[in-house]
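Colleague: Could you take me through the cavities in this one, going slowly over the lining? I'd like the details in plain words.

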Amino acid sequence: MATPDGIALLPDTQPELDRYYGDAPHGVRANMVMTLDGAGAFDGRTKAVTDPADQALLLAMRGHADAIMVGAATVQAERYGPVTLSDEVRGDRVASGYAAAPPLVVVTGRSMLSPRLRIFAPEGPRTIIATLERSAEQAAALRDVADVVFVGDETIDLARLLAELGGRGLDRILCEGGPFLLSQLVEADLVDDMCLTVSPYLAGSQPTTDQPASAREKPTHLRLRHVLTRDDLLYLRYSRPVSSSA
């Protein structure tokens with residue numbers, strides 16, 4: 001398959017993908033898709049603007065995560081189920097001292113989730129619900145199917161959540177969205193690795209959750225790691241520069 005000059009082809013096997021994505025940071029890696037006109041989904045879901053290669057890449061990244069962080073709205077819109085990995089990846093994780101599969105960490109301010117959702121299936125890793133203390137009454141209904149942690153009263157404190165996960169030995173976090181959760185992580189300057197798939201579609205206006213203007217004093221600069229392509233999609237990876245004092 002021909003590729004534009006200077007751009008490598010996205011690999012299609014796990015070992016080859018690991019050359020580009022195996023070094024997951026101890027911190028937050030975000031993986032998102034965006035159309036050419038800036039939409040993160042079409043009709044509320046990413047399926048129409050992604051493809052099997054992009055989905056395979058997501059599974060490869062999950063293999064190098066200690067936990068998968070996702071917003072409650074995305075869980076419901078994308079119809080999430082338990083995290084599943086191939087037997088080979090599960091075996092490699094166990095051999096390297098990690099759990100066979102990472103748990104889902106669902107971030108929600110209201111805890112208005114049905115305990116019958118597929119993410120609470122008993123065969124997968126136990127889901128973690130990160131919510132607000134003022135939602136304790138609603139969260140009580142989820143305690144039988146999930147671990148509930150409170151990380152703030154009026155607003156979700158994502159730094160506190162990462163500290164809570166770190167205390168459980170969950171240091172490599174893969175954030176899969178949605179856009180509002182990503183914006184909160186960026187606002188708190190907590191994104192260490194940004195993997196962005198640019199999708200070759202024009203989606204038109206796609207309504208998203210209203211977000212307040214950023215209060216940050218300056219943007220965070222990330223370093224371009226690579227540009228890959230397959231079937232007209234671009235795969236970009238940016239990382240936080242390594243401190244010279246490290």
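Modeller: Here is a walk through the cavities, one after the other. Keep in mind that this is a predicted model, where local features need pLDDT of at least 70, side-chain atom pairs count only at pLDDT 80 or more, and totals for chains, interfaces and linings use all residues. Residues are numbered from 1 along each chain as its sequence is written, and side-chain values use heavy atoms, with hydrogens and water left out.

Searching the whole structure turns up two cavities of 30 Å³ or more. A cavity here is a set of points, on a 1 Å grid over the protein atoms alone, where a 1.4 Å probe fits but cannot get out; lining residues have an atom within 4 Å of a point. Volume is the space filled by probe spheres set on the points, which are joined across faces, edges and corners.

The largest cavity comes in at about 40 Å³. Its lining is made up of A24, P25, G27, R29, M61, H64, A65, R172, I173 and L174. Two elements give two or more residues to that lining, β2 (27-35) and β7 (172-175); strands are DSSP runs of E, at least two residues, numbered from the N terminus. β7 contributes the most, with three residues. By type, the lining has six nonpolar, two polar and two charged residues. Nonpolar covers Ala, Val, Leu, Ile, Met, Phe, Trp, Tyr, Cys and Pro, charged covers Asp, Glu, Lys and Arg, and the others, Gly among them, are polar.

The second largest cavity has about 30 Å³, and P82, V83, P102, P103, L104, I119, P125 and T127 line it. That lining splits into seven nonpolar, one polar and no charged residues.

How values were computed:
On a 1 Å grid over the protein atoms alone, a cavity is a set of points where a 1.4 Å probe fits but cannot get out, and a pocket is an open set with protein on both sides within 12 Å along at least five of seven lines; lining residues have an atom within 4 Å of a point. Helices (H or I, at least four residues) and strands (E, at least two) are DSSP runs, numbered from the N terminus.
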